[in-house]
Amino acid sequence: MINLKEEALRLHRERQGKIEINGTMPMTNGDDLAIAYTPGVAEPCLEIAKDKNNAYEYTMKGKSVAILTNGTAVLGLGNIGPLAGLPVIEGKALLLKSFGGVDAMPICLDSTDSDEIIKTIKMIAPGFGGIHLEDIKAPECFYIEDRLKEELDIPVYHDDQHGTAVAVLAGLYNALRLTGKKIEEVEVVINGAGASGIAVAKLLVEAGTKNIILCDIEGAIIEGDSLLNEPQKKIASVTNRRHEKGDLKDIIKNKDVFIGLSVGNVLSEEMVASMNPNSVVFALANPQPEIDPNLALAAGARIIATGRSDFPNQINNVLVFPGIFKGALKVRARDITVEMKIAAAKAIANLITDEELRESYIVPNVFDNRVSNAVAEAVMIEATKNTIAKAI
């Protein structure tokens with residue numbers, strides 16, 4: 001059996017990371033040099049000077065994104081700093097290229113000052129077709145993304161929020177197909193009120209879910225609680241409308257869906273047993289899920305999903321972000337809208353037919369080569385609708 005730790009270190013060391021830059025033009029003689037560089041390079045420069053949109057035609061802008069992190073919230077590792085977070089965003093760059101055909105440049109930001117980060121990203125943005133934020137802690141990540149979306153004319157996407165939310169919604173669509181429950185009627189508990197938990201709650205609300213309660217380490221999130229940060233206050237205004245109080249053990253009783261975006265082993269068998277029949281448990285904490293899948297099934301859950309590849313139903317952002325950017329870049333979208341995200345979730349879910357759908361197969365495998373194209377197509381259709389609507 002492979003020793004994962006040793007093999008990961010060996011390959012990263014031998015390859016010096018996971019990505020490299022390759023040229024698209026030949027460079028073997030004087031003519032090649034004259035076309036790719038001086039004097040030929042002046043021609044595309046002049047065309048872009050006439051109209052900045054020509055950069056999409058003559059440069060890598062139209063097929064590239066910047067992936068940026070300050071390493072303050074690296075999955076499973078916490079605040080380890082920008083340089084230690086570099087292997088993660090290198091990995092995301094590799095996934096974008098492998099699954100979406102998108103070129104990505106990993107960039108480390110040595111700052112925890114949100115305004116400084118925003119200023120830096122705005123300064124480098126002209127060279128890219130999109131901005132992919134990664135592993136930036138909450139609540140700063142909300143402020144940074146919101147400001148950049150307002151001030152840039154290219155898509156800004158925080159994968160810890162939106163990739164997670166789309167993947168969860170895709171899995172939930174199919175889980176509800178199996179259980180026969182309706183998204184507007186199910187009772188949902190989300191454990192974890194950070195960036196991912198809040199983003200999932202937002203998208204579920206937009207998709208029609210009416211009954212959602214978020215919990216954190218202190219218990220249920222309730223509107224009016226003075227201890228909530230600003231993003232939590234906003235989500236509290238549209239969730240937990242019955243103002244239920246208590247910790248997870250109290251809140252989960254008679255609920256249909258548990259979505260864990262927190263830490264391992266916080267969900268007990270007794271809690272699962274207290275849920276409604278045909279319950280759905282998404283235990284997505286990594287590397288240790290909120291509950292062992294086998295224990296959840298034994299306790300009465302009908303469908304269990306995790307974030308791990310060694311269990312069925314892996315809810316993985318890889319299903320989402322390569323196709324999102326592939327589609328957005330193709331149509332030169334200026335934003336990643338809610339409608340695009342819901343369309344992407346439906347596209348992922350619909351790849352599994354009624355005949356294929358079962359408790360252990362509610363989301364496609366990450367290596368299913370249909371996924372990226374399906375997501376990209378859904379994004380492009382929604383982007384086109386939005387453009388037409390604005391024109392009208």
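Ala283 has Thr306 as its bridge partner in strand E10. E10 (303-306) pairs with strand E9 (residues 280-283) in the parallel sense, over four bridges. Two strands pair if DSSP finds at least two bridges between them. Strands (E, at least two residues) and helices (H or I, at least four) are DSSP runs, numbered from the N terminus.

This is a predicted model: local features need pLDDT of at least 70, side-chain atom pairs count only at pLDDT 80 or more, and totals for chains, interfaces and linings use all residues. Residues are numbered from 1 along each chain as its sequence is written, and side-chain values use heavy atoms, with hydrogens and water left out.

**The sheet and its helices**

E9 and E10 belong to an open sheet of six strands, ordered E7-E6-E5-E8-E9-E10, with mixed pairing. Strand E7 (219-220) and E10 are the edge strands, each pairing on one side only.

Helix H8 (residues 159-179) lies across strand E8 (257-260), E9 and E10. H8 runs at about 160° to E9. Helix H9 (residues 195-206) lies across strand E5 (187-191), strand E6 (211-216) and E8. H9 runs at about 175° to E6. Axes are lines fitted to C-alpha atoms, for helices over the stretch in contact (heavy atoms within 4.5 Å). Angles run from 0 to 180 degrees between N-to-C directions.

**Backbone exceptions**

Most residues other than glycine have a negative phi, and most peptide bonds are trans. The table lists exceptions.

| Site | Backbone value | Loop |
|---|---|---|
| Thr38 to Pro39 | cis, omega near 5° | Pro39: between H2 and H3 |
| Ala138 to Pro139 | cis, omega near 5° | Pro139: between strand E3 (130-133) and helix H7 (140-151) |
| Asn313 | phi about 60° | between E10 and helix H14 (321-330) |

How accessible is His243, and how accessible is Asn313? His243 is partly exposed because its relative accessible area is 36%. Asn313 is buried, at 6%. Buried means under 20% relative accessible area, exposed over 50%, partly exposed in between (1.4 Å probe, protein chains only).

**A nonpolar patch**

Tyr37 lies in the loop between helix H2 (30-36) and helix H3 (42-50). Pro39 lies in the loop between H2 and H3 as well. Tyr37 counts as exposed because its relative accessibility is 54%. Met27, Leu33 and Tyr37 form a nonpolar surface patch, with about 340 Å² of accessible area together. Areas come from the Shrake-Rupley method with a 1.4 Å probe; for residues, only the protein chains shown count as cover. Patch residues have over 30% relative accessible area and no salt bridge, and nonpolar side chains (Val, Leu, Ile, Met, Phe, Trp, Tyr) are joined within 5 Å. A salt bridge is a side-chain nitrogen of Lys or Arg within 4 Å of a carboxyl oxygen of Asp or Glu.

Conventions:
Patch = residues over 30% accessible without salt bridge, like charges linked within 9 Å, V, L, I, M, F, W, Y side chains within 5 Å.
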